[in-house]
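Colleague: I have not looked at this one before. Can you walk me through it?
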Amino acid sequence: MNNRWEELDKQYLWHPFTQMQGWCENEQLVIERAQGVKLIDVQGKEYYDGVSSLWVNLHGHRHPTLDAAIKAQLDKVAHTTMLGLINQPASEYAKRLVEVLPKGLTKVFYSDDGSTAVEVALKMAFQYWQHKGQTSKQKFIALANAYHGDTIGTVSVGGIDLFHRVFKPMLFTSKYVPSPSCYHCHLVPENEKSQCGQVCLQQLEAVLKEHHQELAGMIIEPLVQAAAGMLTQPKGYLKAVRELTKKYNVLLIADEVATGFGRTGKMFACMHEDVTPDMITLSKGITGGYMPLAVTATTEEIYQAFLGAPTEYKTFYHGHSYTGNPLACAAAIASLDVFAEENVLENLQPKIEVLRQGLEKFKSYRFIGEIRQCGTIVGIELMLDKAQKTPFPPEKLMGGGVCQKAREYGLIIRNIGDVVILMLPLAATSEDIVKVLEMLDKAFQDVFADITGENYSDPCAF
Ligand SMILES: *Cc1c(COP(=O)(O)O)cnc(C)c1O
């Protein structure tokens, strides 16, 4: 055992999404502090934060604007309730957020994490139709491979078998439509992959046509299904989904917990296709990665349907203890300040290009099946045989092996199965991106050399 914290951790803690047996058997890293886009361990060793502390950090760690905003708020009050009281940062942030949201989303409901934001959206959509007198509209459409959180409601619209199958008896049933990720689309033959979006839309329309009277809403991760392994959608798909859901009177919930706040190159993924959903769910990046906070934002139309006298019982009976926490809202305001003051989105565009060009090199690698990129979001899928799309046997733990190697070179990343995920903070510079890709390249070379038993020189030579 390395140190006191590792000892305490292994004695007392149970980590999320973690097989604790393997965790306790292996040496683990203890992070003590961070600066900018780097994490620093108890030995003083620095690592790039290659997954933005699980997709939350935007402007780097210890950003002076965010640090100062939280300290200033702490000198006033850390927390007061929003049940019956107003707090200043919560009001201020709601206004600031509406200014940058897709047009038409004007009402902000706070909660504390991505899962609760989605729970709120599902319950709000359900209750909306009850108020509208269309009481049979109770079910939801979700995409295959969807991930919307880990609570019972969000798992009920989830489609990742590995995480979700054990809980099946606890869940409500949803309707699933195929996910339009061309690489993984099994609906059309290989030489007609460009049709995959169209075929998926036809299937969606068939479900809407037959079931719209029982459908409250459709939930989608716009542009990229993140936890599925960064599965990207064909251009135009989201817009077509918006048109179809409108046509069949089904609410569209855009879950931008992962894609929101600049990750895709625009403030929100929906903006790439000029889409305004009926609800948007936000969390991860909302406070720049500083504090837990979430928002479910919706339209005037939905908000209005809940208005009435107390005894009409149209109230939305949902809320959490820390809803609208002032420290978190202060951080969220400061994050929007940084977006404006540092021209974050504008400066991001050339960096996205540097990333795209840097990734080109990996395309020729024998064991890299597909590289998916959406703005700053990257998924690199490892394959035993990319022509046949044969995966590695799971017990090889290829994705995990690459991430373990990357650590030795000073890069912290996490895999999802055999998809290696890279999602640097927006603040990473072009130089950072180039360095990180070099570290990743070394990790690939080491791991690939191990499996071929040959020394690695030319990536195309395997
Ligand atoms: C991470 C994530 C969630 C869940 O957010 P938590 O804060 O982990 O509860 C929901 N939806 C999407 C798209 C996510 O990526």
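Modeller: One definition to start with: a contact means heavy atoms within 4.5 Å. Among contacts in the protein chain between residues at least 6 apart in sequence, 69% join residues at least 24 apart. Keep in mind that this is a predicted model.

Colleague: OK. How many helices and strands does the protein chain have?
Modeller: There are 15 helices and 17 strands in the protein chain.

Colleague: And what radius of gyration does the protein chain have?
Modeller: The value is 23 Å. A compact globule with 462 residues would have a radius of gyration near 23 Å, so the two agree. The C-alpha atoms fill a box of roughly 75 × 60 × 45 Å along the principal axes.

Colleague: What percentage of the residues is buried?
Modeller: Buried residues are 51% of the 462 in the protein chain.

Colleague: Let's take a helix. Which residues of H1 are buried?
Modeller: H1 runs over residues 4-12, and its buried residues are Glu-6, Asp-9 and Lys-10. They cover an arc of only 90° around the axis, which puts them on the same side of H1.

Colleague: Why would residues a few places apart point the same way?
Modeller: An α-helix has 3.6 residues a turn, so residues three or four places apart point the same way.

Colleague: What do the buried residues of H1 pack against, and what is on the face turned away?
Modeller: The buried residues pack against helix H2, residues 20-25. The face turned away from the buried side of H1 carries Arg-4, Gln-11 and Tyr-12, which are exposed.

Colleague: Now H4. Which residues are buried there?
Modeller: In H4, residues 64-74, the buried ones are Leu-66, Asp-67, Ile-70 and Gln-73. Down the axis of H4 they fall within an arc of 135°, so they line one face of the helix.

Colleague: What covers the buried residues of H4?
Modeller: The cover includes helix H5 (88-100) and helix H12 (326-341). On the other side of H4, Pro-64 and Lys-71 are exposed.

Colleague: Different topic. How many cavities of 30 Å³ or more does a search of the whole structure find?
Modeller: The search finds one. The largest cavity has a volume of about 90 Å³.

Colleague: Which helix gives the largest share of its lining?
Modeller: Helix H13, residues 344-360, gives four residues to the lining of the largest cavity. The lining residues include Leu-348, Lys-351, Ile-352 and Leu-355, along with Thr-376 and Pro-425.

Colleague: How does that lining split by class?
Modeller: The lining of the largest cavity has nine nonpolar residues, one polar and one charged.

Notes. Residues numbered from 1 in each chain as written. Predicted model: local features only at pLDDT ≥ 70, side-chain atom pairs only at ≥ 80, totals over all residues. Heavy atoms only, no water. Buried < 20%, exposed > 50% of the residue type's maximum accessible area, 1.4 Å probe, protein only. Helix = DSSP H or I, 4+ residues; strand = E, 2+ residues; numbered from the N terminus. Arc of directions from axis to C-beta. 1 Å grid on protein atoms, 1.4 Å probe; cavity = no way out; pocket = protein on both sides within 12 Å on 5 of 7 lines; lining within 4 Å. Points joined across faces, edges and corners; volume = space filled by probe spheres on them. Nonpolar A, V, L, I, M, F, W, Y, C, P; charged D, E, K, R; others polar. Rg over C-alpha atoms; globule rule 2.2 N^0.38 Å.
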